[in-house]
Amino acid sequence: MSAKNQPVTASNAAGGHFLRREHGDPKAKAQPRPRGGRARTWTARAWIEIAVGAVIAIVLLIFILQNTAKTEISFLAWSFTMPLGVALLFAAIGGLLVMALAGGARIWQLRHQRAETTNR
């Protein structure tokens, strides 16, 4: 049976190589250690992500504090004023939510498709 025609199983599905390593499969390839000889941990990665998030939050705060000029915003029947920096922050958050919704819909679609494939 060719690789294209194999049924989807836990061992050959997307990320199957990860599942084999996780359960100690001898066929799985060993992961090379990073330079310095130390393996990276989830905790180290979390600290890096927290530090990056803190830097981004500080940059956003500086942006908002420097752009305090009042701006009139009109949306459908509503009209109000708010600082320019806050308005742009809300617009960016709205864009992120739309992107997350589209990404979530795609993940759901792929999982649904995979579930149908494995049930056949």
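Buried means under 20% relative accessible area, exposed means over 50%, and partly exposed covers what lies in between, with a 1.4 Å probe and protein chains only. The model shown here is predicted, so that local features need pLDDT of at least 70 and side-chain atom pairs count only at pLDDT 80 or more, while totals for chains, interfaces and linings use all residues. Residues are numbered from 1 along each chain as its sequence is written, and side-chain values use heavy atoms, with hydrogens and water left out.

**View 1. Overall arrangement of the protein chain.** Of the 120 residues in the protein chain, 6% are buried. The protein chain exposes about 10,800 Å², 65% of which is supplied by carbon and sulfur atoms, the areas coming from the Shrake-Rupley method with a 1.4 Å probe and, for residues, with only the protein chains shown counting as cover.

**View 2. The salt bridge between Arg-45 and Glu-49.** The structure holds one salt bridge, a term for a side-chain nitrogen of Lys or Arg within 4 Å of a carboxyl oxygen of Asp or Glu. It joins the side chains of Arg-45 and Glu-49, at 3.1 Å from N to O. Because Arg-45 and Glu-49 are four residues apart in helix α2, about one helical turn separates them. Arg-45 is partly exposed at 49% relative accessibility, and Glu-49 is likewise partly exposed, with a relative accessible area of 46%.

View 3. Ile-56 is found in helix α2, which spans residues 42-66, and Ile-56 counts as partly exposed at 49% relative accessibility.

**View 4. The crossing of α2 and α3.** The axes of α2 and helix α3 (residues 84-118) come within 6 Å and cross at roughly 135 degrees, where axes are lines fitted to C-alpha atoms, for helices over the stretch in contact, and angles run from 0 to 180 degrees between N-to-C directions. The two helices, α2 and α3, are therefore oblique to each other, since angles under 35 degrees count as roughly parallel, over 145 as roughly antiparallel, 65 to 115 as roughly perpendicular and the rest as oblique. Leu-60, Phe-63 and Ile-64 in α2 meet Gly-85, Val-86, Leu-88 and Leu-89 in α3, with contact meaning heavy atoms within 4.5 Å.

View 5. Phe-80 lies in strand β2 and is partly exposed, with a relative accessible area of 35%. Leaving aside neighbours within four places in sequence, Phe-80 is in contact with Thr-71, Glu-72 and Ile-73. Leu-76 lies in the loop between β1 (70-75) and β2 (78-83), and counts as exposed at 76% relative accessibility. Phi of Leu-76 is near 50 degrees, a positive value in a residue other than glycine.
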